[in-house]
Amino acid sequence: MSLLITGARVIDPNGERRVDVRVADGIVGQVAKQLEPVDGDEIIDAAGQVLTPGFVDLHVHLREPGREEAETIETGSRAAVLGGFTAVVAMPNTDPTQDSVEVVDFVRRQGERAGSCEVLPAGSITVGRAGERLAPFAELAGAGVKIFTDDGNGVQDPLLMRRALEYADGLGITLAQHCEVERLTEGAVMHEGSCCSRLGLPGWPSIAEELMLHRDIELVRLTGVGMHFLHLSTATSVELVRAAKADGLPITAEATPHHFSLTDERLETYDALYKVNPPLRTPDDLAAIRAGLADGTIDAIATDHAPHVAESKEQPLDAAPPGMLGLETALGVSLASLDMTLADVIGALSWKPAAIAGIGDRHGRPIEPGEPANLTVIDPDEVWEVVPARLASKSRNTPYVGMPLRGRVLHTIFRGTAVVRDATALR
Amino acid sequence: MTAARSLLAVEDLGADGIERILDLADHMAEVNRRPNPKVPALRGKTVCSVFFEDSTRTRLSFETAARRLSADTMTFAVSQSSLSKGESLRDTIETIAAMGVDAFVVRHKSSGAPRMIDAWTHASVINAGDGWHAHPTQALLDAYTVRTSLGRAGGLEGLRMAIVGDVKHSRVARSTVAAMRMLGVHVTVVAPRTLLPPDVGEAFADAVTDRLDDVIGDIDVLYLLRMQQERMNEALVPSLREYTTRFGLTSERAAALAPQTLIMHPGPMNRGVEIAVDPAELPGAVITQQVTNGIAVRMAVLFDLLGTAGAGATSATATQDVLTEGGSQ
């Protein structure tokens, strides 16, 4: 059985063109100006729409194992493909932590069983994410782990971080930091600024992110070992990364849709829906994140998809856990918020994160004969609103209700098979 | 002005609303001076104190106020409650509301909790202090104390107040500063940077200084905040002794005060820290009056929210009617 996608405008790393594409046996078969349907072709009429390589999310919390009431790998990967993602990097803050071959194998297998997209378990940098001793990088790398992070916690100890970088050298893996000096954020629930002064809420100062980012940039300079920086949220962070890249340091960075679309004023309602780590910041920070994405300082858009059950968000801000959903709204928020070309936005969602995740051999590929068929068809102009009850995620904590989103994922093809048709998940 | 159902922050009242409550409090104070200080104004109403954080003083003040208006009172103390068994805040509130409650008086360690509770119940919610955020009845009783002590029934416009101490972690400071400024009082915040909210500025106070001695001779009200021992662990000040040296009311500073200057404190006091002299020896000290006035002001708030005439519509005569001894019995 084969799939014929007709009439689409293709946007991929090679540029833009109008072609028909036939997919068979999990790979892109023919690509031509016009292809005639043959018997057995499943036809996707994509006239007026855009065909791109599938998106890659460097940062999702799928909650399995340990918090299956909030999300499972099955529901989370369904949410992923509805958002156009054909690969997601699953953060290791599971229970048990993804710090052993057994656990990462379990996560990968659950991803395969769900069959919607590729689920790539990230390993933790330290055992149990406790910040005390290194996780077995080489064993985990042997099990296919490419990204290591203690996300949710920054690695506080500078000596341990230096050793982590040095030990990682040559293993073909990337360390990713959640930048937060915890002594500066104890009890914090929102950005430290005028809002938190007025609202009587403990503040999370920007400097807590920037200090660790600066420390790690210098450790990269010292060791020569590359790093990825998760969810940048402040204007100074963007500046630090821009300067480090200008110095030629091997670093990459991501930003989340909520950090370039929402600001700290949302907390005025005391609604824990808007509590996230790092916190929503000021309009100036938001503008700097947008500019950083536009000029390539920030390489990738990553969602930090963080499902939480309703009861846990129906608590006072200090008791509620941080995080918000992101997978199903990422494209719509990005196109609604960013002043970038469609091709640049797609690049930040697809081939650039694919390279960072170490899966550039099968995701974010040019749409050419012989390439793996992980593809997404979008309508870049459709304006729509998210309806929480219709989300595939098991949780409902989206902050975007009532916000017009632009750009809709219509079809997602994973390993040559349609897993989303007409914005409906098939698996 | 639309009838408010709840009192979550003093800012919600506006200057007119504050004046309305203070005028009502005059009536309540008159009731409290009677041999039998009880009126039937809220007979049939049920007021439930829900204290997720211990505060016997505030709870007793509210419950006394409710009883003097003949409301029934219930107390929900968290230590004996299902919250320790894992029941959610929302379920707790909905369960108590189902018993038939007209008003919740809520104290919570988290900023914003009363606001969440307000969204979950049709009953009135009175914020009795949430986190660092707000303590509106404290602000009202402070304003009432200044008004009665200085004989300023016509208004507080033009008075000067200094509020000294841990403003950053203080719901009392946030509410009292806001209320005083709405009433036209010039407020100077006196504290080291470590005890100020980040970005403190014109939106927060009229002036900010770390030199108490620069302002002490030129104020009508000196408001001292409680300096909590636990702040020592957070490196916010080097020592309590140094705090007292810079910000405490010492006998030297007491001597520098103008004779009519009021000295106020929300309690409980740390003697020897923020007050290093015996307040009984200070003619301007109105700290016990604050406590007494708290009853009248809380009666006024309860009556304003729950009285049959409804908020803002409590005309002088209607008020007089229900506050008459044995009236409408």
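Two residues are taken to be in contact if their C-beta atoms, placed from the backbone, lie within 7 Å. In this predicted model, B:Ile163 is in contact, once its neighbours within four places in sequence are left aside, with B:Ala173, B:Thr176, B:Val177, B:Val187, B:Val189, B:Val190, B:Tyr223 and B:Leu225. B:Ile163 also belongs to the largest nonpolar core, a set of 234 residues in which B:Leu140, B:Ile163 and B:Leu302 have the most contacts. Helix α10 of chain B, which spans residues 287–306, gives the most to this core, with 10 residues.

The packing of this helix against another helix of chain B was examined next. Helix α5 of chain B, residues 136–149, packs against α10(B) at an angle of about 115°, the two axes being 8 Å apart, and the crossing of α5(B) over α10(B) is right-handed. On the side of α5(B), the contact is made by B:Thr137, B:Leu140, B:Leu141, B:Asp142, B:Tyr144, B:Thr145, B:Thr148 and B:Ser149, while α10(B) contributes B:Gln289, B:Gln290, B:Asn293, B:Gly294, B:Val297, B:Arg298 and B:Val301. By residue class, the contact of α5(B) with α10(B) divides into 5 nonpolar, 8 polar and 2 charged residues.

One of the residues in this contact, B:Gly294, is found in helix α10 of chain B. B:Gly294 counts as buried because 27 other C-beta atoms lie within 10 Å, where the cut-off for a buried residue is 20 or more. Not counting residues up to four places away in sequence, B:Gly294 touches B:Ser61 and B:Leu141. The C-alpha atoms of B:Gly294 and B:Ile21 are separated by 12 Å, although these residues are 273 residues apart along the chain.

Chain B also holds an open sheet of 4 strands, arranged in the order β2-β1-β3-β4 with parallel pairing. Its edge strands are β2 (72–77) and β4 (124–130) of chain B, each of which pairs on one side only, and neighbouring strands of the sheet are turned against each other by 15° on average, direction ignored. Strand β1 of chain B, residues 46–51, is joined to β2(B) by 6 bridges, and the two strands run parallel; within this pairing, B:Cys48 has B:Met74 of β2(B) as its bridge partner. Helix α2 of chain B, residues 56–68, lies across β1, β2, β3 (103–108) and β4 of chain B, and runs at about 180° to β1(B).

In chain A, two hairpins were found that share strand β20(A). Strand β19 of chain A, residues 405–414, is joined by 3 bridges to strand β20 of chain A, residues 417–421, and the two run antiparallel, with A:Ala418 in β20(A) as the bridge partner of A:Ile413. The hairpin formed by β19(A) and β20(A) has 2 residues between its strands, and A:Arg415 in the turn has a positive phi of about 50°. Strand β20(A) is in turn joined by 2 bridges to strand β21 of chain A, residues 424–425, again with the strands running antiparallel, and A:Val420 stands opposite A:Ala425 in β21(A). Here too the hairpin has 2 residues between its strands, and A:Asp422 in the turn has a positive phi of about 50°.

Finally, the contact between the two chains takes 17 residues from chain A and 22 residues from chain B. On the side of chain A that touches chain B, the largest share, 4 residues, comes from helix α5 of chain A, residues 194–199. The residues of this side divide into 7 nonpolar, 6 polar and 4 charged.

Conventions: Residues numbered from 1 in each chain as written. Chains lettered and ligands numbered in written order. Predicted model: local features only at pLDDT ≥ 70, side-chain atom pairs only at ≥ 80, totals over all residues. Nonpolar A, V, L, I, M, F, W, Y, C, P; charged D, E, K, R; others polar. Pairing = 2+ DSSP bridges. Axes fitted to C-alpha atoms, helices over the stretch in contact; angles between N-to-C directions. Core = buried A, V, L, I, M, F, W, Y, C linked by C-beta atoms within 7 Å. Buried ≥ 20, exposed ≤ 12 C-beta atoms within 10 Å, placed from the backbone. Left-handed = near helix turned anticlockwise from the far one by under 90°.
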